[in-house]
Amino acid sequence: MTIAQQFLGKKSCKQQEEPLVPAEKTNNLKDAEEGRPVVVTMHAHVRRVSSLTTLCVFATALLVLTTGIIGGMYLYRHFAHYKVGQASNLRHFRGWCSIPYLPDIQGESIQPVASSLKHRPAPTEASEMKSPKVNFFEEEFDIDVKFEQYERIEVPSFEHGRRAQFVHDFVANKTGIVDYENRRCFVMVLNRNYVYPPRVLYEQIAKMRAGYYDADTQTVRHTMHVITPPISDLKNVGLFIARDCAQTPIYMLEKATSPMFKRSLDSESKNMFVEFAGNKVNEFKIINIDEATPGINPAETS
């Protein structure tokens, strides 16, 4: 029994001769117990992964912030252009509008239609019995909103008027009528009582598109007289009228003072120009329009 106990004791002593903890780790533990700073080294790939993750998060946040700023600016400009009553951000406007036309009824105001003809509701029998038949003509607008120098209003040919373009030059204070059918122009003094300034006209169209503006479309008739021969000096007609009428003869118009004479409806529609420029529908009837020589068509000379 005694011999066995001695053998076991010697074997256990040999096993304890090997240190349980490596020397380097033992020193670190001793340093920690004594209050000394412990230096822990990290592998290079651990630091590399941490830096890459931080960079990706920062780039993603920057991309989201930039997208939000650009999107906000785009939406602000988009809605600011069509904000009713404020056209400070819009430089130039192009658009069209359908105008109700009642040549036989005076003093009645009907709301213009600024939507497509395809979406216009069809009239019912009850509405036709209560209200007279309303004709519509379309106008295409080209408005200098920023500088307010000119307006171009193109009117197609319809039952009561001929195809023409009205050019309102607010710098020269002149109105030009471009007769497309006979290639000639007529110029008269700009009547600011019926022709709204560019910014005001644009704001009116914007309100009409919004659907809550009731414009005055009462018909006003102007009887004009052609002065012959055509003018040769284009300085007094304005830059914009001279540019649109450069290849055509230009005649001055003035109010007619001669007695009125009756004509058939067909002849009146041939010498009638109709326009809506903000206030009332203006009819310009030229009683001696046949004295104005038509211009030469380039297609005929070639």
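**Figure 1. Salt bridges across the predicted model.** Ten salt bridges are found when the whole structure is searched. The structure shown is a predicted model.

**Figure 2. Salt bridge between Asp142 and Arg94.** The two side chains meet with an N to O distance of 3.5 Å. Asp142 belongs to strand E2 (residues 135-144) and Arg94 to strand E1 (residues 92-101), so the contact ties together parts of the chain that are 48 residues apart in sequence. Asp142 is buried, its relative accessible area being 9%, whereas Arg94 is exposed at 58%.

**Figure 3. Salt bridge between Arg163 and Glu154.** Here the side chains of Arg163 and Glu154 meet at 3.5 Å, N to O. Arg163 is partly exposed, with a relative accessibility of 35%. Glu154 is likewise partly exposed, and its relative accessibility is 23%.

**Figure 4. Salt bridge between Lys280 and Asp216.** The closest N and O atoms of this pair are 2.5 Å apart. Lys280 lies in the loop between strand E9 (272-276) and strand E10 (281-286), and Asp216 in the loop between helix H5 (198-210) and strand E7 (219-227), so the pair ties together parts that are 64 residues apart in sequence. Lys280 is buried, with a relative accessible area of 16%, while Asp216 counts as partly exposed at 24% relative accessibility.

**Figure 5. Salt-bridge network of Arg94, Asp142, Arg152 and Asp244.**

Methods
Residues are numbered from 1 along each chain as its sequence is written. This is a predicted model: local features need pLDDT of at least 70, side-chain atom pairs count only at pLDDT 80 or more; totals for chains, interfaces and linings use all residues. Side-chain values use heavy atoms; hydrogens and water are left out. A salt bridge is a side-chain nitrogen of Lys or Arg within 4 Å of a carboxyl oxygen of Asp or Glu. Helices (H or I, at least four residues) and strands (E, at least two) are DSSP runs, numbered from the N terminus. Buried means under 20% relative accessible area, exposed over 50%, partly exposed in between (1.4 Å probe, protein chains only).
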